[in-house]
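Work through these exercises with the model open beside you. Try each task before you read its solution.

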Amino acid sequence: EGRVVYASFLLDEDRPREAWEIVHPKKLTPRPEESDLRMWYVAARAAARLGDKETAQQLFTAIVGSDPGFPGLDELEVEVR
């Protein structure tokens, strides 16, 4: 949880590369925990800000596939497109 909070802070400080380094997933698991989804969410935001729309979209799709009611998906969808 600390990584999610710190990476979110880094995004707020316009430091997406550092945020990405903290939360990027090594792999996307088929049955992620809630904590994984939160990390993927922040990682998708970081990837989008770095201009890696493909990775951002993959993370967004993985979150939606695991929890279509995950909070903030509307905002994330705008960011990753």
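Rings of Phe, Tyr and Trp (its six-membered ring) count as a pair if their centres lie within 6.5 Å. Planes under 30 degrees apart make the pair stacked, planes over 60 make it edge-to-face, and the rest are tilted. Keep in mind that this is a predicted model.

**Exercise 1. Aromatic pairs**

Task: Find how many aromatic pairs the rule gives, and classify the pair formed by Tyr6 and Phe9.

Solution. 
- Step 1. Locate the two residues. Both sit in helix α1, three residues apart, about one turn of the helix.
- Step 2. Recall a general point. An α-helix has 3.6 residues a turn, so residues three or four places apart point the same way.
- Step 3. Tyr6 has a relative accessible area of 40%, so it counts as partly exposed. Phe9, at 38%, is partly exposed too.
- Step 4. Turn to Tyr41 and Phe70. Their centres lie 5.9 Å apart and their planes meet at 45°, so this pair is tilted.
- Step 5. Tyr41 belongs to helix α3, while Phe70 is in the loop between α4 and α5. They are 29 residues apart, and the pair links distant parts of the chain.
- Step 6. Check exposure again. Buried means under 20% relative accessible area. Tyr41 has 16%, so it is buried. Phe70 has 7%, so it is buried.

**Exercise 2. One side of a helix**

Task: Name the buried residues of α2, and say what covers them.

Solution. 
- Step 1. List them. Pro16, Ala19, Trp20 and Val23 are the buried residues of α2.
- Step 2. Look around the axis. These residues cover an arc of only 100°, so they lie on the same side of α2.
- Step 3. Find the cover. It includes α1, α3 (34-49) and α4 (53-66).

**Exercise 3. The nonpolar core**

Task: Which residues have the most contacts inside the largest nonpolar core?

Solution. 
- Step 1. Take the core as a whole. It has 26 residues.
- Step 2. Pick out the residues with the most contacts inside it. They are Val42, Ile63, Leu76 and Val80.
- Step 3. Trace the sources. Helices α1, α2, α3, α4 and α5 each supply at least two residues. The largest share, ten residues, comes from α3.
- Step 4. Examine Val80. Beyond its neighbours within four places in sequence, Val80 contacts Ala44, Ala48, Lys53, Ala56, Gln57 and Phe60.

**Exercise 4. Glu79**

Task: Is Glu79 buried, partly exposed or exposed, and which residues does Glu79 touch?

Solution. 
- Step 1. Locate Glu79. It is in helix α5 (residues 73-80).
- Step 2. The relative accessible area is 24%, so Glu79 is partly exposed.
- Step 3. List its contacts. Leaving out residues up to four places away in sequence, Glu79 touches Arg45, Ala48, Arg49 and Lys53.
- Step 4. The side chains of Glu79 and Arg45 make a polar contact at 3.3 Å.

Terms used: Residues are numbered from 1 along each chain as its sequence is written. This is a predicted model: local features need pLDDT of at least 70, side-chain atom pairs count only at pLDDT 80 or more; totals for chains, interfaces and linings use all residues. Side-chain values use heavy atoms; hydrogens and water are left out. Helices (H or I, at least four residues) and strands (E, at least two) are DSSP runs, numbered from the N terminus. Buried means under 20% relative accessible area, exposed over 50%, partly exposed in between (1.4 Å probe, protein chains only). Contact means heavy atoms within 4.5 Å. A polar contact is a pair of N or O atoms within 3.5 Å; within protein, one must be able to donate a hydrogen and the other to accept it, and residues adjacent in sequence count only if both atoms are side-chain atoms. The arc is that of the directions from the helix axis to the C-beta atoms. A nonpolar core is a set of buried Ala, Val, Leu, Ile, Met, Phe, Trp, Tyr and Cys residues joined through side-chain atoms within 4.5 Å.
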